[in-house]
Amino acid sequence: MKRNLFLMVTVVTAATAISSKAEESAIQSNFPPILMQDAPQEGAHPLGGPTLRFIMTANGALAHTDRRLQYHVSGEVPKTDTKYVEGPVADISEFGNIHGAVAAGAKRGGLDLGVGIANQNGLSFGELFVAGLPFGLEPDEYVSYLFDGGGLELQQELYDKHFDDRVLVMPIAITPTQGGGWFPEALPDPAVDPTLTPNAAMAELCMKPWIVRWPEPGAGIWRYACESIGLEADEIGASARCKRPGTICPSSENPVVSDVNRLTFGGFVPGVPPHVFVETGNVDAYELNLPSTEVLMIRLATEQTDLGNNDADLRSIIEAAPYYYGQTWHQPVTYIELLINKEFWATLSPAEQWAIRIAAESSTLRSWTAALDRQGEAIETLKRSGAKVGRWPDALLGVLRRATGRFLERKALSLQRNGDPDYLRVLQHMRVYQHKQRIFSDFGDINQGRAALPTTPN
């Protein structure tokens, strides 16, 4: 049934494409859908897939108008995507990022429409919008925050400020709760080893000689938690253990450049899946996205795109870091945003504007619900390939939770002292809404812990 639906939408899109009246508008993203066998109907990529869903939905809604959207990707078009995606219409590097390209607009060599994520907008507060608050709003609360709690209005106000009132922003996808990371060993846990105190468990974690691929602000909170107990964790940015992260490390052709003896955060490049990095020995632990995305990205990294999920062998990557944790304290959501040049928006008819807004809201809902539907099966697929699934130890979460508020406040105040008040403003705005929602969250949550996952994965 799902495949038939995909074909139906594609037929509507194709019919619009051949209409002699239809005007094509380019919409560019840094991320391709990556359509492959057993992938969801909109594609395997956690950002590119929802983008294609939005474009197909929008073209369906635009079918009665004279306009159609065409998906373009900033880099090379994967061979699986040539039917749906074309190459770039703008060189994003000329504008700094896709947000700058949309602010410029197609008339100035940029883009009229783009899809991005806020931590790539070059602004400090972007990391809070794309990922939500660590230990913060649950995905359903975050949707409510954006649409009804003033979050989207605040984001628009800040984009108006920083992009000269030239960029309109709206959500096209918000993910459910993601995975909480893959590790080569089980995390220290006082519930398993009664000789450990919570601080001792955190100290043991901070002294692991691991390179961990982790996004901000979660990585910063983790480093601050180590500092709070008298230890240090290092940060090496996009660097990994060896100079060429995509090849075997170490080797005579690829020697070690980052020889670590304690917890080190590195190898994080937004939009670049980490699975090849861990398979080659360049990072030891990592996080990415939803369990279903892990399955598909491992298949992609191991060049098994022609096999279904049940036939692919995921062990070579899972064996390198088999301990898979839920409870995503550091990034409750991922928010994918549609960016529209305001000058271009003003040229659209009311019917075209309405169709795009409705398509954006529809794709936000459907991307979320479709992703929810796939995660249980994906976890079972990972377990069959050797994943040991559990939840973060409560003791470690306690230390990290206490560090979260202090770290975020320290960062926000430091930015404010240096002339950037926006991070503090977004942080406080999200916290106010979180506090407002807490009474109902506590009132309604009877299912917490119902899966009874162990703190030592098995």
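This is a predicted model: local features need pLDDT of at least 70, side-chain atom pairs count only at pLDDT 80 or more; totals for chains, interfaces and linings use all residues.
Visitor: Is phenylalanine 443 buried or exposed?

Guide: The cut-off for exposed is over 50% relative accessible area. Phenylalanine 443 counts as exposed because its relative accessibility is 68%.

Visitor: Now the inside. How do I read a cavity?

Guide: The general idea is that rolling a probe the size of a water molecule over the atoms shows where empty space is left. In this structure, a search of the whole model finds two cavities of 30 Å³ or more. Let's take the second largest cavity, which holds about 190 Å³ of space.

Visitor: Which residues are the closest to the centre of the second largest cavity?

Guide: Pro46, Pro50, Leu290, Ala371 and Arg374 are the closest to the centre, out of 22 residues that line this cavity.

Visitor: On to salt bridges. How many does a search of the whole structure find?

Guide: The search finds 24 salt bridges. What to look for is a side-chain nitrogen of Lys or Arg within 4 Å of a carboxyl oxygen of Asp or Glu. Take aspartate 165 and lysine 342, whose closest N and O atoms are 2.6 Å apart. Aspartate 165 sits in the loop between α6 (151-162) and β5, while lysine 342 sits in helix α12 (residues 342-347), so this pair ties together parts that are 177 residues apart in sequence.

Visitor: How do lysine 208 and glutamate 185 read on accessibility?

Guide: Buried means under 20% relative accessible area. Lysine 208 therefore counts as buried, with 13% relative accessibility, whereas glutamate 185 counts as partly exposed, with 36%.

Visitor: What about aspartate 313 and arginine 315?

Guide: Their side chains meet in a salt bridge as well, at 2.8 Å, N to O. Aspartate 313 is partly exposed, with a relative accessible area of 34%, and arginine 315 is partly exposed too, with 44%.

Visitor: Which residues do salt bridges that share partners join into one network?

Guide: Look for Lys107, Arg108, Arg166 and Glu343, which are joined into one network that way.

Visitor: Last topic, the backbone. What should I expect there?

Guide: Most residues other than glycine have a negative phi, and most peptide bonds are trans. Now for this model's departures from that pattern. The peptide bond from glutamate 216 to proline 217 is cis, with omega near 5 degrees, and proline 217 lies in the loop between β7 and α8 (218-228). The bond from cysteine 249 to proline 250 is also cis, with omega near -5 degrees. You'll find proline 250 in the loop between β8 (234-237) and β9 (264-266).

Visitor: And where is isoleucine 34, with its positive phi of about 55 degrees?

Guide: Isoleucine 34 is in the loop between β1 (23-29) and α2, and its phi is positive although it is not a glycine. The residue is buried, with a relative accessible area of 10%. Aspartate 165, the salt-bridge partner of lysine 342, also has a positive phi, of about 60 degrees.

Conventions
Residues are numbered from 1 along each chain as its sequence is written. Side-chain values use heavy atoms; hydrogens and water are left out. On a 1 Å grid over the protein atoms alone, a cavity is a set of points where a 1.4 Å probe fits but cannot get out, and a pocket is an open set with protein on both sides within 12 Å along at least five of seven lines; lining residues have an atom within 4 Å of a point. Grid points are joined across faces, edges and corners, and a volume is the space filled by probe spheres set on the points. Buried means under 20% relative accessible area, exposed over 50%, partly exposed in between (1.4 Å probe, protein chains only). Helices (H or I, at least four residues) and strands (E, at least two) are DSSP runs, numbered from the N terminus.
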